[in-house]
Amino acid sequence: MAFGKYYHSYVKGPVNKGGNGAARYELQSQTNDALGYGLAATYNLNRDLQAKASFEKTYRLPTDRELFGDGDLEMGSSDLKPESSRNVNVNVSYTHAFNTDHSVSVDAGFNYRYITDYIIRSIKNGGIGISENHGKVRGMGGDVTVRYFYKNIFSVGGNFSYQDTRDRERHTSYGSESITYGDRVPNIPYMFSNVDAAYNIHGLLGERNTLTFGYNLQYVHEFYWDWESNGAKRNIPMQISHDANVTCSLQDGRYNIALEARNFTNSLLYDNYSLQKPGRSFTVKVRYFFFRQNR
């Protein structure tokens, strides 16, 4: 498969041209045009094994928040340029049914990204965030997903991902050697995984009813808050959280009641820049289909 994409963006907004703490805004506009393209191929090695590969020249347009801020803690940058990247993906998928009861699936992938005009968010004095075009960044990594199924009763699986994203801009905007060249891009998790399991009880108080118990574990390895070569001393610590849920489906899913406990051990979890996330939470969701076609 071959494909092409045409990107067009027009941005008009205020830019602060003032200095020494005095704001002086001027209305400016910016237009960007770009052409993206790509190739993708799939090959079935046998009935169970499939290989996929793709290449894409693509762009990421700045978001409205990156361009204009939020009027409070986010400063806009209306002169941001779109990110441009060349991406390569290679993936192998294996699915095998041993018999009518047991089956497994394995999915492994490798990715490579080379990005120019990389948009990075940083915190300025006073705690104000701003997005800027950093320069060149290279990312490569992989992920593996393994899953086991026993009939339609039980399933368990997990995923592991590793993404090595590093600065490839040799010089600063002033022409001097960059001390962060080769550093891992900060404030981005680079190693994380999750494990989940589900157990279904069919025919509970009726042939068309199903009771499902689910569990999910999430792990995020610690990562730096700032550039390592800038003397980063603060890091976002390792995080482990546990979720559990119970779902009751009645009459082939026409009535559904779900109970969920997120982070039920009340672990300390953090977003980027060490912003603490909410603790444990409990939710109830009720769903009803007025019309549902049974297959």
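Is arginine 262 buried, exposed or partly exposed, and what is its relative accessible area? In this predicted model, arginine 262 is partly exposed, with a relative accessible area of 39%. Arginine 262 forms a salt bridge with glutamate 260, and the closest N and O atoms of the pair are 3.3 Å apart. Glutamate 260 likewise counts as partly exposed, at 28% relative accessibility. Salt bridges with shared partners also join Arg138, Asp164, Arg166 and Arg184 into one network.

The structure holds eleven salt bridges. One of them is formed by the side chains of lysine 151 and aspartate 101, with an N to O distance of 4.0 Å. Lysine 151 lies in the loop between strand E9 (137-150) and strand E10 (154-167), whereas aspartate 101 lies in the loop between strand E5 (83-97) and strand E6 (102-116); the pair therefore ties together parts that are 50 residues apart in sequence. Lysine 151 is partly exposed, its relative accessible area being 43%, and aspartate 101 is also partly exposed, with a value of 26%.

A further salt bridge brings together the side chains of aspartate 196 and arginine 147, at 2.9 Å from N to O. This pair, too, links distant parts of the chain: aspartate 196 belongs to strand E11 (residues 191-202) and arginine 147 to strand E9, 49 residues apart. Such pairs accord with a general principle, namely that side chains of opposite charge can pair when their charged atoms come close.

Attention now turns to the nonpolar residues. In soluble globular proteins, nonpolar side chains tend to be buried together. The largest nonpolar core consists of six residues, namely Ile115, Tyr118, Ile120, Val137, Val185 and Trp227. When neighbours within four places in sequence are left aside, valine 185 is in contact with Tyr118, Ile120, Val137 and Trp227, and also with Thr165, Arg166 and Asp167.

Strand E4 pairs with strand E8 (residues 129-133) in the parallel sense, over two bridges. Within this arrangement, the bridge partner of methionine 75 in E8 is isoleucine 130.

Methods
Residues numbered from 1 in each chain as written. Predicted model: local features only at pLDDT ≥ 70, side-chain atom pairs only at ≥ 80, totals over all residues. Heavy atoms only, no water. Helix = DSSP H or I, 4+ residues; strand = E, 2+ residues; numbered from the N terminus. Buried < 20%, exposed > 50% of the residue type's maximum accessible area, 1.4 Å probe, protein only. Core = buried A, V, L, I, M, F, W, Y, C linked by side-chain atoms within 4.5 Å. Contact = heavy atoms within 4.5 Å. Pairing = 2+ DSSP bridges.
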